[in-house]
Amino acid sequence: MSLKVNIAGVEFKNPVIAASGTFGFGEEYKDYIDLNKLGGISSKGLTLRKNPGNPGIRIYETPAGIMNSIGLQNPGVDHFIDNELVFMRKYDTVVIANLGGHSYDDYSIGAAKLDKADIDMIELNISCPNLKEGGMAFGTDPQKAREVISLVRAETKHPLIVKLSPNVTHIGEFAKIAQDCGADAISLVNTFNAMAVDVRKRKFVFNNKTAGLSGPAIKPIALRMTYEVAQAVDIPIIAMGGIMDVEDCLEFMMVGASAIQVGTANFSKLDTMIEIIDNLEKYCADNNISDINDIVGIL
Ligand SMILES: Cc1cc2nc3c(=O)[nH]c(=O)nc-3n(C[C@H](O)[C@H](O)[C@H](O)COP(=O)(O)O)c2cc1C
């Protein structure tokens, strides 16, 4: 029985990937789970320059989820290449560099630097809702999306995943734009733009007023969007949004995802991904499935 999946020529030992921003660069998790068991790790969102992230409250719990306003705190692309990437490369897992940005230049210079680095894939994040400039602005405007994806595509030969924002009416249109502009795969969804109020202080919880919602609360919507994207494009899909267990993983694969990412669940249960991988094996054995790819897009 095989859990192997191939996305844009890159082989993953299983379809379970740590979602960007919820797993750092793996270091904090290494003493708790075996990173070699993971299909892949998507790095914390990288920007061209080191970024301190947003001031104020950054994580806030909601029923069945969390809201975050991290604001892409990260060490910058150069530091990543010289340090965090060296750590990630010690493990037998696919290394995905998640690239964010505030401007077209940020994205294209960052992509050019990553092109020379020893990574397996780039995940282009045009969907971060927590930046004053850039981020989601690129992923919710068709023209800007086209421009930034084309710019990054021109700068790198690494397989390119474009990570879509769910904060649009027709996500399939953005998936088509990504495909037309040369993306090798689509990932979705990033967090949903949301809001919380502290009634005692009579203030918004977050300095930016809004923040990104993730976790089980968003799963049914993320699933519907994954299906829509699967109907719209031919390139492989990496899906996420509230995946907590193997059933959730299977739902996303059945509607068209070749692989999945686990984000918020890593916070509440450190070994969520390991459990999903083990239970995927069990599911395949129990159901006489010799190749996990056989369930992709059966609906
Ligand atoms: C604390 C936090 C930080 C995140 N940072 C990033 C990031 O840097 N880049 C990115 O593309 N997505 C980032 N995300 C979005 C996740 O990768 C994922 O798309 C989203 O949380 C939905 O999946 P989930 O419900 O399993 O968490 C972040 C999410 C959280 C909760």
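1. The model is predicted, and the points below should be read as computed from it. Arg89, Asp118 and Asp120 are joined in a network of salt bridges.

2. One link in this part of the model is the salt bridge between the side chains of Asp118 and Arg89, with an N to O distance of 3.3 Å. Asp118 sits in the loop between α2 and β8 (121–125), and Arg89 in the loop between α1 (77–88) and β7 (94–99), so the pair ties together parts that are 29 residues apart in sequence. Arg89 has a relative accessible area of 27% and is therefore partly exposed, the class that runs between the 20% and 50% cut-offs.

3. Across the whole structure, the search returns 16 salt bridges. Side chains of opposite charge can pair when their charged atoms come close.

4. Another of these pairs is Arg49 with Asp106, whose side chains meet at 3.5 Å, N to O. Arg49 belongs to the loop between β4 (40–42) and β5 (59–62), while Asp106 belongs to helix α2 (residues 104–115); the pair therefore ties together parts that are 57 residues apart in sequence.

5. The salt bridge between Lys282 and Asp286 has an N to O distance of 3.1 Å. Both residues lie in helix α9 (residues 272–286), where they are 4 residues apart, about one turn of the helix. Asp286 is exposed, with a relative accessible area of 53%.

6. On helix packing, how do α5 and α6 cross? The axes of α5 (residues 171–180) and α6 (residues 219–232) come within 8 Å and cross at roughly 45°. The crossing of α5 past α6 is right-handed.

7. On the α5 side, the contact is formed by Ile171, Gly172, Ala175 and Lys176; on the α6 side, by Met225, Glu228, Val229 and Ala232. Sorted by class, the contact of α5 with α6 comprises 5 nonpolar, 1 polar and 2 charged residues.

Methods. Residues are numbered from 1 along each chain as its sequence is written. This is a predicted model: local features need pLDDT of at least 70, side-chain atom pairs count only at pLDDT 80 or more; totals for chains, interfaces and linings use all residues. Side-chain values use heavy atoms; hydrogens and water are left out. Axes are lines fitted to C-alpha atoms, for helices over the stretch in contact, and angles run from 0 to 180 degrees between N-to-C directions. Helices (H or I, at least four residues) and strands (E, at least two) are DSSP runs, numbered from the N terminus. A crossing is left-handed if the near helix is turned anticlockwise from the far one by less than a right angle, and right-handed if clockwise. Contact means heavy atoms within 4.5 Å. Ala, Val, Leu, Ile, Met, Phe, Trp, Tyr, Cys and Pro count as nonpolar, Asp, Glu, Lys and Arg as charged, and the others, Gly among them, as polar. A salt bridge is a side-chain nitrogen of Lys or Arg within 4 Å of a carboxyl oxygen of Asp or Glu. Buried means under 20% relative accessible area, exposed over 50%, partly exposed in between (1.4 Å probe, protein chains only).
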